[in-house]
Amino acid sequence: MRVTVANGGSQMRSAAKVAGLLIPFAQDREQHVASSMGLDRTLTSTREAIRAFGDAGIVTIATTLSGDKLIELSDSYFQLVPQDTREALIAVRYAAWTGRSQLDVYFPNRDCSGSNIAPDNDDYVHDLVSDVQTEADVISVHGQPLQTSAHGWTPASCHPSDGDLQANLVREHRLSRHLQGSGADARRYVLRERPTRQDHGIRTFPVSAGR
């Protein structure tokens, strides 16, 4: 078996462009390409790459992507982990199971203007914030609705307040900077897309209840 490595660029910004370069190579029967693997980050550029591979009839296998509705982009796309909707459901059910009345959702935003709107340049974060709010709307705790409160932050200047339960919807490389910059207790409920070395390759959310 031969593995050909291609780089989608910093934070996968060039994923669609690189896909365009790989498609002719993959369609060359003499190259015997079985599939494209390892797309990273649920971003617009990644969605474009998945669609392009699908239009070209190339099998695409994602090992870490969890964005919603990615499977609708291509009949030849296969995702090995659940979608964000499943991750959001677990977060909400955990909050209800532990008797929490409110779920505070913290996520990286472009500024601290107070808009508390998930960034539109990161589909993973945007989808997951929306999914948590949607799932919370249909669940109750002791007969009362589970409330959600969204907080956009930047590690350098945003300081999250204490909540009944906090869900940090972040990519793992930003988590430590967020906690250090905000002064937040590191014992939080964390949802993230990519496994890290600390996760030992297991896609999970480290669970520990904050205050």
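Begin at Gln-11, which is partly exposed because its relative accessible area is 34%. This is a predicted model. Gln-11 belongs to the segment that precedes helix 1 (15-27). Inspect its backbone here: phi is near 55°, a positive value in a residue other than glycine. Most residues other than glycine have a negative phi.

His-142 sits in the loop that links strand 5 (140-141) and strand 6 (144-145). Is His-142 buried or exposed? It is exposed, since its relative accessible area is 74%.

Select strand 1 (36-37) and strand 3 (77-79), together with strand 2 (residues 60-62). These belong to an open sheet of three strands in the order 1-2-3, and the pairing is parallel. Strand 1 and strand 3 are the edge strands, each pairing on one side only. In general, strands of a sheet pair through backbone hydrogen bonds. Strand 1 and strand 2 run parallel and are joined by two bridges.

Within strand 1, centre the view on Ser-36. Which residue of strand 2 is its bridge partner? The partner of Ser-36 is Thr-60. Ser-36 counts as buried because its relative accessibility is 13%, below the 20% cut-off. Leaving aside neighbours within four places in sequence, display the residues in contact with Ser-36: Phe-53, Ile-58, Val-59, Thr-60 and Ile-61.

Helix 1, strand 1 and helix 2 (44-55) are the elements that give two or more residues to the lining. Colour helix 1 separately, as this element gives the most to the lining, with six residues. The volume of the largest pocket is about 660 Å³.

For the buried residues of helix 3, select Asp-84, Glu-87, Ala-88, Leu-89, Ala-91, Val-92, Tyr-94 and Ala-95. Just after this helix, stop at Gly-99, where phi takes a positive value of about 75°.

The next stop is the loop between strand 4 (102-108) and helix 4, where Asp-122 lies. What does Asp-122 do at the N-terminal end of helix 4? Asp-122 caps that end, with a side-chain oxygen 3.2 Å from the backbone nitrogen of Tyr-124. Asp-122 counts as buried, because its relative accessibility is 7%.

Finish with helix 4 itself (residues 123-136). Its 14 residues should span 20 Å at 1.5 Å a residue, and the end C-alpha atoms are 20 Å apart, which agrees. Buried residues of this helix include Asp-123, Tyr-124 and Val-125. Further along, Asp-127, Leu-128, Val-129, Asp-131, Val-132 and Ala-136 are also among the buried residues of helix 4.

Conventions:
Residues are numbered from 1 along each chain as its sequence is written. This is a predicted model: local features need pLDDT of at least 70, side-chain atom pairs count only at pLDDT 80 or more; totals for chains, interfaces and linings use all residues. Side-chain values use heavy atoms; hydrogens and water are left out. Helices (H or I, at least four residues) and strands (E, at least two) are DSSP runs, numbered from the N terminus. The expected span of a helix is 1.5 Å times one less than its number of residues. Buried means under 20% relative accessible area, exposed over 50%, partly exposed in between (1.4 Å probe, protein chains only). A polar contact is a pair of N or O atoms within 3.5 Å; within protein, one must be able to donate a hydrogen and the other to accept it, and residues adjacent in sequence count only if both atoms are side-chain atoms. Two strands pair if DSSP finds at least two bridges between them. Contact means heavy atoms within 4.5 Å. On a 1 Å grid over the protein atoms alone, a cavity is a set of points where a 1.4 Å probe fits but cannot get out, and a pocket is an open set with protein on both sides within 12 Å along at least five of seven lines; lining residues have an atom within 4 Å of a point. Grid points are joined across faces, edges and corners, and a volume is the space filled by probe spheres set on the points.
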